[in-house]
Amino acid sequence: MATGRTHRPATRSRGIPEATVARLPLYLRALTALSERSVPTVSSEELAAAAGVNSAKLRKDFSYLGSYGTRGVGYDVEYLVYQISRELGLTQDWPVVIVGIGNLGAALANYGGFASRGFRVAALIDADPAMAGKPVAGIPVQHTDELEKIIKDNGVSIGVIATPAGAAQPVCDRLVAAGVTSILNFAPTVLSVPDGVDVRKVDLSIELQILAFHEQRKAGEEAAGTESAAAAAVARNDSAEQGPDGDVPAVMPA
Ligand SMILES: NC(=O)c1ccc[n+]([C@@H]2O[C@H](COP(=O)([O-])OP(=O)(O)OC[C@H]3O[C@@H](n4cnc5c(N)ncnc54)[C@H](O)[C@@H]3O)[C@@H](O)[C@H]2O)c1
């Protein structure tokens, strides 16, 4: 669930809009679940529901991949997994470094989902000399002095930043100078990067704040609903209480 921006135009060079690219991982996650259950084909409606996307949008997205499905049969799950993986560049191995191996960095290093999606954790880097050589998720932590060499030796193009906010920009600068062109930033700070470098920002507290906004709105709607129900009840009572000279009650007895 990465949020934030990438430093790219709204339409990529091959003509796939950025919004479509952002939905491809959602389709892939849903398709992978189907593939694990050996489901051979899926309709656009089923897949759209599983991915949480509108089915017309899904069909449009897949048309950019040249995938139109077969009427009455739907889409071939395995082929679509392959097509989307290829489009996202997941059919090749992506070595990733994680910088800042504290609570979050260690949790990320231990997350098995990276490797299964083609992201190999090539190195764990931390500024704390006491951590150097200590294994986390089976990988020895290396000191930041080694950062440039690690990037070069492993051909790393993706860096994950999980340092305190104050360290994130200098770490980002070093990663970029060493050749990293994509950064996933978990630190609560806005990074500046040169053209050609993509930054995605993950901030769970922002997601929670958005949920809090919706919760507040739901609570407001409920309160308004209770108020209007109460007002309607009062109105019904008023009309029912009208005397023999009054109008006919709103609800006539059967
Ligand atoms: N995005 C999110 O949803 C989310 C969630 C939790 C934490 N965070 C953020 O992630 C970051 C890490 O959180 P944490 O709880 O793991 O902190 P932590 O203090 O446990 O770990 C930070 C690690 O970074 C290392 N470090 C400090 N300066 C460094 C540098 N210049 N180069 C390399 N390593 C350096 C420290 O030695 C430490 O091991 C913080 O910025 C925090 O705000 C984000």
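Where is the place of G100? Select G100 and you land in the loop between β3 (94–99) and α5. Helix and strand labels here are DSSP runs numbered from the N terminus, with H or I over at least four residues for helices and E over at least two for strands.

Before moving on, note that this is a predicted model: local features need pLDDT of at least 70, side-chain atom pairs count only at pLDDT 80 or more, and totals for chains, interfaces and linings use all residues. Residues are numbered from 1 along each chain as its sequence is written.

**Stop 1**

Contact here means C-beta atoms, placed from the backbone, within 7 Å.

Now hop to L104, in helix α5. L104 is partly exposed, with 18 other C-beta atoms within 10 Å. Setting aside neighbours within four places in sequence, its contacts are A162 and F186.

UniProt has something to say about this stretch: an unreviewed entry puts a "binding site" on G100, I101, G102, N103, L104 and G105. UniProt positions are in the numbering used here, feature names are shortened, and annotations may be inferred rather than shown by experiment.

**Stop 2: the ligand shell**

Show the ligand next. Its shell has 24 residues, and the closest are G100, G102, L104, A167 and L204. A residue is near the molecule if its C-beta atom, placed from the backbone, lies within 6 Å of it.

**Stop 3: strands around β6**

From β4, go to β6: the two pair in the parallel sense over three bridges, with L124 bridged to V141 in β6. Pairing requires at least two DSSP bridges between strands. β5 and β6 run antiparallel and are joined by two bridges, and V136 has I139 of β6 as its bridge partner.

Click A137, in the loop between β5 (135–136) and β6 (139–143). This hairpin has two residues between its strands, and A137 there takes a positive phi near 55°. Most residues other than glycine have a negative phi. A137 is partly exposed, with 15 C-beta neighbours inside 10 Å.

**Stop 4: over to domain 1**

Zoom out. The chain divides into domain 1 (18–87) and domain 2 (94–205), with bounds from an automatic or database domain assignment. Their C-alpha centres lie 31 Å apart.

Select residues 26–65, where UniProt (unreviewed entry) places a "DNA-binding region". The span is 72% helix and 5% strand, and its end C-alpha atoms lie 15 Å apart.

Finish on S38, in the loop between α1 (18–36) and β1 (41–42). Its phi is positive, near 60°, and it is not a glycine. S38 counts as exposed because it has 8 C-beta neighbours inside 10 Å.

Methods
Buried ≥ 20, exposed ≤ 12 C-beta atoms within 10 Å, placed from the backbone. Contact = placed C-beta atoms within 7 Å.
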